[in-house]
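Subject: Structure handover

Hello,

Here is the structure for you to look over. My notes on what was found follow below it.

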Amino acid sequence: MNSRTRYSAWNLLASALHGQADWAPAWRDAEPKARYDVVIIGGGGHGLATAYYLAKNHGITNVAVLEAGWIGGGNIGRNTTIVRSNYLYPESARLYDFSVRQYKQLAQELNFNIMFSQRGVMMLAHSRHDLDSQSRWANAMLSTASMPHSTRPNTQPASTARAARAVCT
């Protein structure tokens, strides 16, 4: 009966009445080929993203992803994955901000709940060295606040930096 292919709240509830047994397979059980255009070692977040964007942006679909464990079973498959902006350098902030935008649209592109949700972070200083590091981080966020809106991270860096500086000084 494998008929459901679209993930939605309605389909999850309706399928629950049948023991979630009416879903079409999400992927096929493929036999290895004799040749591939690209072989990616590691089926974690970076390996899977590489395969996905090779296909999406470059049309390269003859790709093998080799993984010793299970696909996506590392940090990307557990709740320890952190995607955040690094404010120390404007170039890094733009790269990380681009990554966050990619994650936001990925679930829709794949029709798969990647369970991406944005949360805050709180860092505690336990030594003078930690305090100095966090002061540098807060000051870097202040300089990021002057970046053009299109390159600015998604958080409110100026107000966050003011709060961090108040704690650090």
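α2 (45-58) and helix α3 (residues 90-110) pack at an angle of about 75 degrees, and their axes lie 14 Å apart. That makes α2 roughly perpendicular to α3. Angles of 65 to 115 degrees count as roughly perpendicular, under 35 as roughly parallel, over 145 as roughly antiparallel, and the rest as oblique. The axes are lines fitted to C-alpha atoms, for helices over the stretch in contact, with angles from 0 to 180 degrees between N-to-C directions. Helices (H or I, at least four residues) and strands (E, at least two) are DSSP runs, numbered from the N terminus.

A word on the source. This is a predicted model, in which local features need pLDDT of at least 70 and side-chain atom pairs count only at pLDDT 80 or more, while totals for chains, interfaces and linings use all residues. Residues are numbered from 1 along each chain as its sequence is written, and side-chain values use heavy atoms, with hydrogens and water left out.

Back to the two helices. From α2, Tyr52, Tyr53 and Lys56 meet Gln102, Gln105, Leu106, Glu109 and Leu110 of α3. Contact here means heavy atoms within 4.5 Å. The residues of this contact divide into four nonpolar, two polar and two charged.

Now the salt bridges. How many does a search of the whole structure find? It finds three. A salt bridge is a side-chain nitrogen of Lys or Arg within 4 Å of a carboxyl oxygen of Asp or Glu.

- Glu109 and Lys56 join through their side chains at 3.2 Å, N to O. Glu109 lies in helix α3 and Lys56 in helix α2, so this pair ties together parts 53 residues apart in sequence. Glu109 is partly exposed at 33% relative accessible area, and Lys56 is partly exposed at 42%.
- Asp97 pairs with Arg101, with the closest N and O atoms 2.9 Å apart. The two are four residues apart in helix α3, so about one helical turn separates them. Asp97 is buried at 3% relative accessibility, whereas Arg101 is partly exposed at 37%.
- Arg128 pairs with Asp132, with the closest N and O atoms 3.3 Å apart. Both lie in helix α4 (residues 128-144), four residues apart, about one turn. Arg128 is exposed at 58%, and Asp132 is partly exposed at 32%.

Buried means under 20% relative accessible area, exposed over 50%, and partly exposed in between (1.4 Å probe, protein chains only).

Next, α1 (9-16). Its buried residues include Asn11, Ala14 and Ser15. They cover an arc of only 95 degrees around the axis, so they sit on the same side of α1. The arc is that of the directions from the helix axis to the C-beta atoms. Exposed Ala9 and Leu13 are on the face turned away from the buried side.

Asn62 is in the loop between α2 and β2 (63-66). Is Asn62 buried or exposed? At 18% relative accessibility, Asn62 counts as buried. Leaving aside neighbours within four places in sequence, Asn62 contacts Lys33, Arg35, Tyr36, Asp37 and Val38.

Ala21 is in the loop between α1 and β1 (38-41). Ala21 counts as exposed, at 51% relative accessibility. The C-alpha atoms of Ala21 and Ser3 are separated by 9.4 Å, and these residues are 18 apart along the chain.

Best wishes

Note on methods: Nonpolar A, V, L, I, M, F, W, Y, C, P; charged D, E, K, R; others polar.
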